Amino acid sequence: MVDVESFVPEAKTEIAEAVGESNAVIALSGGVDSSTAAALAYDAVGDQLTPVYVDTGLMRKGETEGIRETFDYMDSLRVIDANERFLAALEGVTDPEEKRHAIGEQFIREFEAVAEEVGADYLVQGTIYPDRIESEGTIKSHHNVGGLPEAVDFEGIVEPMRDLYKDEVREVARALDLETVVSERMPFPGPGLAVRILGEVTEEKLAVAREANHVVEEELADHDPWQALAAVIGKATGVKGDNRVHGWVVAVRSVESRDGMTARAQEVDWETLQRIQSRITGENETVSRVLYDVTHKPPATIEYE
Ligand code: XMP
């Protein structure tokens, strides 16, 4: 386990020495990794760091507002509203890897514009150890690791948490007094809700996925999962009121894991599952069916795409 007391000052020194008198940027996703890296870097170099949060429209419910509040103390924070541009970039895209690619490209475009505007020489990233391992393999293209550094011509990249596991990052976050909504937040993939929607991403599916994920996170918080999520996986027949409907099918998944590389489907009691089902179908007119995913990783992945 990382020794937080020595890690925090060492990481700040590493960042301050790397950045020197120059400017740096960091992409803030709202997740624990980038939030912790941003907090460390802001402590180290202050407003020489511009934290950039791109609101892709693929975020969880309340996430953008949460970011504004949590990082309110950073005067240089930039929040970019790119909802419509992401939806446009995803129009007609159905292949999972193509979706990731489209999101990654758009993200780089948004981020690059700010990096150029502020004249940033350095990129700070919240990359952690498992990201590096998965990126070396061919499992998935993780857009928070690949792409960015090649696209923008930075003088250097600073990755102060490159050797940490997720639970160690949480320790650091707690040591930095980051709010518990950040330090205890479940991991959330860079491409956001897009990998929890099978096929094309549309505004309608996004709205269903956002509400369903919110319900699942709320209802399963006391089960302390590594990740709990909901995915919109297709349509099926159902009955709402007196009518047969062709409604959305939402899959609910809750897993235990240490690092996301392997995971166990969590055993959830029937009462909780029924509460989730009734909230998701009750709060969403267009959802007709809710399933619980009992598959471990492997053979399944945690996300649906
Ligand atoms: P999978 O679905 O591959 O996920 O079992 C393992 C962990 O990685 C997260 N994940 C991603 N994170 N970009 C990310 O930043 C991605 O493209 C991506 N795909 C999966 C996932 O949420 C889980 O924690």
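**View 1. The largest nonpolar core of the predicted model.** This core comprises 43 residues, of which Val 25, Leu 58, Phe 111, Phe 154, Val 216 and Ile 280 touch the most other members. Elements that each give two or more residues to the core include strand 1 (24-27), helix 5 (96-118), strand 6 (227-240) and helix 11 (270-283). Helix 10 supplies the largest share, seven residues. Because residues come from both domain 1 (4-183) and domain 2 (202-292), the core lies between these domains.

**View 2. A second, separate core.** This core contains 37 residues, among them Phe 7, Ala 24, Ile 128 and Ala 173.

**View 3. The salt bridge between Arg 258 and Asp 167.** The closest N and O atoms of the pair are 3.3 Å apart. Arg 258 is located in the loop between strand 7 and strand 8 (264-265), and Asp 167 in helix 8 (residues 166-175); the pair therefore ties together parts that are 91 residues apart in sequence. Arg 258 is partly exposed at 44% relative accessibility, and Asp 167 is partly exposed at 26%.

**View 4. The salt bridge between Arg 253 and Asp 293.** The N to O distance is 3.5 Å. Arg 253 belongs to strand 7 and Asp 293 to the segment after strand 9 (287-292), so the contact ties together parts 40 residues apart in sequence. Both Arg 253 and Asp 293 are buried.

**View 5. A salt-bridge network that includes Arg 279 and Glu 283.** The side chains of Arg 279 and Glu 283 meet at 3.0 Å, N to O. These two residues are four residues apart in helix 11, a separation of about one helical turn. Glu 283 is partly exposed, with a relative accessible area of 43%. Through shared partners, salt bridges join Glu 218, Glu 219, Arg 275, Arg 279 and Glu 283 into one network.

Definitions and conventions
Residues numbered from 1 in each chain as written. Predicted model: local features only at pLDDT ≥ 70, side-chain atom pairs only at ≥ 80, totals over all residues. Heavy atoms only, no water. Core = buried A, V, L, I, M, F, W, Y, C linked by side-chain atoms within 4.5 Å. Buried < 20%, exposed > 50% of the residue type's maximum accessible area, 1.4 Å probe, protein only. Domains from an automatic or database assignment. Salt bridge = Lys/Arg side-chain N within 4 Å of Asp/Glu carboxyl O.
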